[in-house]
Amino acid sequence: MNGTNDQFARTRLLLGDDGMHRLAAARVAVFGIGGVGGYAAEALARSGVGTLDLIDSDTVAFSNLNRQIIATHSTVGMYKVDAAAERIKDIHPFTKVNTYRVFYTPETEKMFDFTQYNYIIDAIDTVTGKIALVMNAQTAGVPIISSMGAGNKLNPAAFEVADIYKTSVCPLARAMRRELKKRGVKKLKVVYSKEEPITPFPSDEALPEGKRQIPGSVAFVPSVVGLIIAGEVIKDLACI
């Protein structure tokens, strides 16, 4: 395709035709379309991934406006997967987007055929859901990358890619290491930070399910985590 008519021309310069073909043929599942997953999903679409499965049961809230790429005043109240799908279709109309208004748990995992995916992104918050995703990915032989704690952090430069068993400091990573070791999981690619979590100021906001306190978050931390994750997926799929 002529470079002036190819929206992926600049990406193609780095990944080559073969890499772009591999991305176009790939199907990636993004579990959790919030501050991390929303940025990851959009970066995949902008990179030419052919099929995206978006999984999240939440709707866009006013409190999401500070950090979630799908959150605007016009999308408040929409299901996050629908808001993301609309953005992706406007970015690249030929991307196939499958949406699931589902809260992923071990009880809802039967809805998904993990063998259909070329890659899985775990951007959900609950340890039980994250463990279930890892186990299903392992059974299906599909690569997975998992986001560790991005809340209560202020230093985006502290995030790095590592194996789960080489992480430290992050409380969520600690819990994941313990549970994965029990299940015999030998490795898991994650994005995590050694920054000590900040204790947030008190909030009058209702506590989300499973949370002891409202986590603080900013525009420049979950976005970085999502883009790091997308970069790892793109490089792995394009075989760079």
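**View 1. A nonpolar surface patch in the predicted model, made by Leu154, Ile198 and Phe220**. Leu154 belongs to the loop that runs between strand S5 (144-147) and strand S6 (159-163). With a relative accessible area of 45%, Leu154 is partly exposed, because its value falls between the 20% limit for buried and the 50% limit for exposed residues.

**View 2. The open sheet of 7 strands**. The strands follow one another in the order S3-S2-S1-S4-S5-S7-S6, and their pairing is mixed. Strand S3 (96-100) and S6 form the edges of the sheet, each of them pairing on one side only. On average, and with direction ignored, neighbouring strands of this sheet are turned by 20° against each other.

**View 3. The pairing of strand S2 with S3**. Strand S2, which comprises residues 51-55, pairs with S3 in the parallel sense over 5 bridges. Within this pairing, Asp53 has Asn98 in S3 as its bridge partner.

View 4. When residues up to four places away in sequence are not counted, Asp122 touches Phe31, Lys130 and Leu133, together with Ile144, Ile145, Ser146 and Ser147. Val134 stands 12 residues from Asp122 along the chain, and the C-alpha atoms of the two residues are separated by 8.4 Å.

Terms used:
Residues are numbered from 1 along each chain as its sequence is written. This is a predicted model: local features need pLDDT of at least 70, side-chain atom pairs count only at pLDDT 80 or more; totals for chains, interfaces and linings use all residues. Side-chain values use heavy atoms; hydrogens and water are left out. Patches are made of residues with over 30% relative accessible area and no salt bridge: like charges are joined within 9 Å, nonpolar side chains (Val, Leu, Ile, Met, Phe, Trp, Tyr) within 5 Å. Accessible areas come from the Shrake-Rupley method with a 1.4 Å probe; for residues, only the protein chains shown count as cover. A salt bridge is a side-chain nitrogen of Lys or Arg within 4 Å of a carboxyl oxygen of Asp or Glu. Helices (H or I, at least four residues) and strands (E, at least two) are DSSP runs, numbered from the N terminus. Buried means under 20% relative accessible area, exposed over 50%, partly exposed in between (1.4 Å probe, protein chains only). Two strands pair if DSSP finds at least two bridges between them. Axes are lines fitted to C-alpha atoms, for helices over the stretch in contact, and angles run from 0 to 180 degrees between N-to-C directions. Contact means heavy atoms within 4.5 Å.
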